[in-house]
Amino acid sequence: MTEPTIDPFEFELFKNALLSVADEMALTVHRTTYSAVLRDNLDYSTAFFDAKGRLVAQGFSLPGHLGSMPTALAAIMRRFGDTMKPGDIFALNDPFDGGMHLPDLFVFQPIFIDGVLMAFAGSISHHTDMGGRVAGSNAADSTEIYQEGIRVPVLRIFDGGVPNDTFFAFIEKNVRVPAKVAGDIRAQLAACHIADAAFRELCAQYGPPKVERLMAELLDYSERLARAEIAKLPDGVFTFEDWLDDDGIERGKPVPIKVAIEKRGDSIRFDWTGSAPQVKGALNATLSFAKSVSYCALISIIDNAAPNNDGVFRAVEVVAPLGTIVNCTLPASVAARGLTGFRMIDVAFGALAKMVPDRVFACSDGGNSNISIGGYYADKTPYIYCDFTCAAWGARPWADGIDGNSNIFANMAGQSVEVTEAEQPVLIEDYEILADRGGAGKYRGGMPYRRTYRFLEEEASLSVRSDRRDIRPYGLYGGAPGAPSFNYITRAGGQQELYPSKFSTLLRRGDVFVHEIAGAGGWGDPLEREVARVMKDVRQGLVSVAAARDLYGVILSANGTSADEAATATQRATLRKARGWTEAPFVQREEIAPLAAAAE
Amino acid sequence: MKNIRVGVDIGGTFTDIVIMDKTGEIITKKVSSTVDNYARAISTGLAAALGEHGLAGGDVAEVLHGTTVASNAILEMKGARTGLITTKGFRDVLELRLLRMPKLYDLHWDKPPTLVSRELRLEVTERIDAKGKVLAPLDMDEVDAVIDQLLAEKVEAISVCLLHAYANDAHEIAIRDAIRRKAPEMVLSVSSEVLPEIKEYERTSTTVINSYVKPIVGRYLTSLIGDLKSIEVTSPLLLMQSNGGLTPAETAAEMPVHIIESGPAAGVIGAQSLARRAGLDKVISFDMGGTTAKAALVEDGKVSRAEEYSVGGGIMIGSRLMSGAGYALKVPAIDLAEVGAGGGSIIAVDAGGVPQVGPESAGSFPGPVCYGLGGTEPTITDANVVLGYINPTHLAGGSVKLDAAKSHAVLREKVASKLGVGVAHAAYGAHLVAAANMIRAIKAVSSERGRDPREFGLVAFGGNGPLFAAGMARSLGIRTVIVPPAAGVFSSVGLLFSDVEYHLSRSYRQVIGTLDTAALVAAWNALESQARDKLHADGFTDAQIVLTRTAKLHYRGQAYELTVPMPDGPITAETAAHLGDAFGDEHERTYGHRAGPEEPVELVSLNLSASGELDTMRGAGRKAPPIPADPPGERQAYFGTTHGWMPTPILLRGHLAERVWTGPVIVEEYDCTCVVPPGMAVALDEYGNIVIRTVAD
């Protein structure tokens, strides 16, 4: 049989049609889900694969899911590749065989046309609960996977169209909110169903051999575009290292993350060797997550118009030694590995900043902080407040970092203060951008914000998963590091308590908890910052008069509204002399002594 | 005698004027927009149109107007210098937005700058909780101080938005009164008046937008009224709102937040009116111009509305999930999906050797290469010229000259030769790719909302809509395409079919089953009397007033609400029970499932739409156009590899009155061109609409 020829317009139309199938899957999940995690935080992804399990088109996606779906499908194909038949659907969440962390359940449906396996539709959703010792199955302080919830091995959850009742009953009995979880699994099944129907239409329109050929071409097309972009990057090996404050168990012991990015010709390799051995706290990541981070960093710095699919991944190799925090083994706990992902993305960008200084930003806020407040009202009905707050972007070689914005590795929405107060027993006393917290620079780091919570009920548990309290977000090419994060509580009796970045405590009526996110790093020499930009920040209350003088060398004139040019020139010369740079340091960071166990 | 009505729609390039007399006869006039002062083109264009037909300004009964003046003020950041007074601790609500980005993996993305600069966002000590209880009293000394500070900053407008003001407006009112005392002329917007609903970011953003555009809209309307007076038009001036209803100029000047998306709304109302008269329950309106294409849904005679949207967020890029662009506006607006596909969309070949259409556009200047105004990149219009769809020598009755050879040359050089295909093949491929992009807009308002497009008819208009509609309809499984008369200026026509309309709402959070019926009745009565007062003030009698109640509900804990209709008549305990059931039904219809009866359903807000029906001439049935004396022309047109080049009759609309034709057929008119692909049947209906059947019945 001769290969069907491909018309360029036909290809473009097919490409759009297939991407729109993946998008329709994503919309289906969005429309049918029960949970706020999926709806507000869009913590799910959908994708479409060819018969070999290669990712062809990805729908709306959380960056953290980018590399995860092919890994999960590969695990399914290893186990069931020979026995798949029409009407089968498979699921898993096991981090040690295709999964990432337990709340993320993967669902895949093979699509057969005339009895021949042609494709797979797949989705991953973060479920509200997967059992385990803590509601939400998301605790940072579990030390083994067995504490974190139920592990779903690779399972056939529909067998020739017949649901596997054992699976569904087992889930129902082991999660805290069975109706919600079952509803959200139905949303995933609905997405696969939509994809199946849409793909059948495409096969009817083009004929299966042509569809097969077009899907293969779609991979080659993405690979061509990605490789062309990678080829433009300078060759070499670029390394970077950064640290998590600690793993939440061994307090005050920084956890190193390291990468060596090697770029040769039109290929690139992310080698995470040198990162910490896997840790006791639940910060351990899987290889698939290491891939997601690597892909996200690369895609963010190249001009890539091609669909993110297996073709792009062919140009990228990811190495992560087994038994480390970036590729853990049993019985590691993994629930809060998101934080490790955020640090890995900081590290990857740090290395890329050496490769292409003009394309990469300084360090962002360190990733989102997770704040959970849970307890029971007097009538024993439960409440759970759970928020992931992101704050600020690192300064860019061409612009300031963004103040108050989701991290690039996530894309979370904020929750309304008024809705929170209407539904939860908390009063949010402020939600405000913090001045002087973004690192100074020719372009300054983004300013983070503070949220202050006054607790209004009898008693609740407060659990906080944050970072960047001890090790500040780095600045680049002369830019200063961002300010650290802070957690403190003013008890109803007036007692003040300072906390580390990861902790749990009890809140009682009238206690006030304050979380301040870390500021982002600056880029370039602060003394080269345009005086007008400094003055604008001063006017807007984002940079204090003292910081303008001490960090930027800008002296205000007597009227306080404009800069004194002569005094500024003198001040800048003085500062320049005092610091004695021969050239701007590539990276600036700072460690703060960890909180002694004092506050505990 | 005042017996004619005038619709005026302003676009970036052209101002379209439509005059309708008592018999429903329509006169159209297209003039160039006067960008320095849009009002001038209206008065001079209208004067000319009236003069040409022996009419006078005094004959005009009313002027109905759709305008982009408010959205342009935002897009161009040319609004008023605005101050904001807010609760202590919350000055950055406007800056922090919802934290989300509309794009992934893009380090170059930036938040749109806030419409109120941080130094003009000032705080006062006060606090109200979610139930409306005052936790901290308003500090009036601080209020005086921040007002003085804003006045010293020479702001032109002030917004007031305090936390939970939807539940208790006392502090906002006190601040409002204090501002009035100090600066009686100050332009003011108060959140509890503009949008008394929960969610501080959406409420603040909406209130601020109102202030930001208010002085600009006010000046524009004053100038327009003056200009109209100078040509003796002293009739009422009514503005099209984003929700598709009209509002008097005075009200629009007070609450301009409702006319931000005035421009695209009228065409959808025109499609709605057409559907009603033609007895069609379900139509999709499809409007394609030079730079963008827009789709909207009309179901059971009602336009589908969105509760909130963003302005200046750019056009839809692929997925509707990518929210976070532009400025949030939480006022009802016609639910439009927009894609960057128009006659000016540029055709290019990407680095991977694959053809792309748009979103870059050659705009109206330099425009398509065939215009000969300096355009160098091939556009969709050039492709349509190559295909023989568009007249190869001229448009608009000869007022725009075309050079088809230029279209051929540029498509060959920049597309066909790069891809190794023929020019016609390249042009046809580009035509299909553009159509596929626009199909996504139609899916966004139909299948993505749980509606099957195959059950709808497609009403196509705008300068380019009828060129694509039939082919797109066939891909979507839509059986009927309707191209109305004056399709190229259909937005102006739509203005003539609109009613005066107000949308009022208030937050009302109660779980169904524990509702206090008396309190609910009181809340509705307050809304309804407010609505009647407004319409009475506009001169409507009770007989002309139509009130439509809806309520927003969700399962407790859900982040989003659904809107369900609420029955007319007295409100009783049954009404509340009905709401719960109706919500369950709508949830199932939209999302495919409903929760069990144990799941509490919460009422979130009460919404009232109040319309005053204009009893003036509503355009009786139009007569079919006369059958032209000249026989149809013919030229070669290309319809893909299956059909190739075909000799294609070139008709005037009137030729279709003779008999049913079978495609290929091209209908050429002054303001647009309609393409009927091979095999489709086309005829005229009794209203003069072109009706295309995409499949044999």
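Into which domains is chain B divided? In the predicted model, for which local features need pLDDT of at least 70 and side-chain atom pairs count only at pLDDT 80 or more, totals for chains, interfaces and linings use all residues. Residues are numbered from 1 along each chain as its sequence is written, and chains are lettered from A, with ligands numbered from 1, in the order in which they are written.

Chain B comprises domain 1 (4-73 + 219-238 + 246-255), domain 2 (77-217), domain 3 (263-341 + 434-495), domain 4 (345-431), domain 5 (500-612) and domain 6 (633-693); the bounds come from an automatic or database domain assignment. Taken over C-alpha atoms, the centres of domain 4 and domain 5 of chain B are separated by 51 Å. Chain A is divided into domain 1 (8-224) and domain 2 (361-525 + 581-600), and 33 Å separate the centres of these domains of chain A, again over C-alpha atoms. Nine residues of domain 1 of chain A are in contact with 13 residues of domain 2 of chain A, where contact requires C-beta atoms, placed from the backbone, to lie within 7 Å. On the side of domain 1 of chain A that touches domain 2 of chain A, five residues are nonpolar, three polar and one charged. In this classification, Ala, Val, Leu, Ile, Met, Phe, Trp, Tyr, Cys and Pro count as nonpolar, Asp, Glu, Lys and Arg as charged, and the others, Gly among them, as polar.

The contact between the chains takes 50 residues from chain B and 60 residues from chain A. On the side of chain B that touches chain A, at least two residues each are supplied by helix 3 (93-96), helix 7 (200-230), helix 12 (423-445) and helix 16 (573-591) of chain B. Helices (H or I, at least four residues) and strands (E, at least two) are DSSP runs, numbered from the N terminus. Helix 12 of chain B gives the largest share of that side, five residues. By class, the side of chain B that touches chain A has 24 nonpolar, 11 polar and 15 charged residues.

The largest nonpolar core has 359 residues, of which Phe48(A), Ala348(A), Met438(B) and Leu458(B) touch the most other members. Such a core is a set of buried Ala, Val, Leu, Ile, Met, Phe, Trp, Tyr and Cys residues joined through C-beta atoms within 7 Å. A residue is buried if 20 or more other C-beta atoms, placed from the backbone, lie within 10 Å of its own, exposed if 12 or fewer, and partly exposed in between. Helix 12 of chain B gives the most to this core, with 17 residues. A second, separate core of 21 residues includes Tyr502(B), Leu535(B), Phe540(B) and Leu603(B).

The buried residues of helix 11 of chain B pack against strand 21 (345-349), strand 22 (355-361), helix 10 (380-386) and helix 12 of chain B. One of these buried residues is Ala416(B), with 24 other C-beta atoms within 10 Å. Ala416(B) and Ala426(B) are 10 residues apart in sequence and 5.4 Å apart in space, C-alpha to C-alpha.

Definitions and conventions: Contact = placed C-beta atoms within 7 Å.
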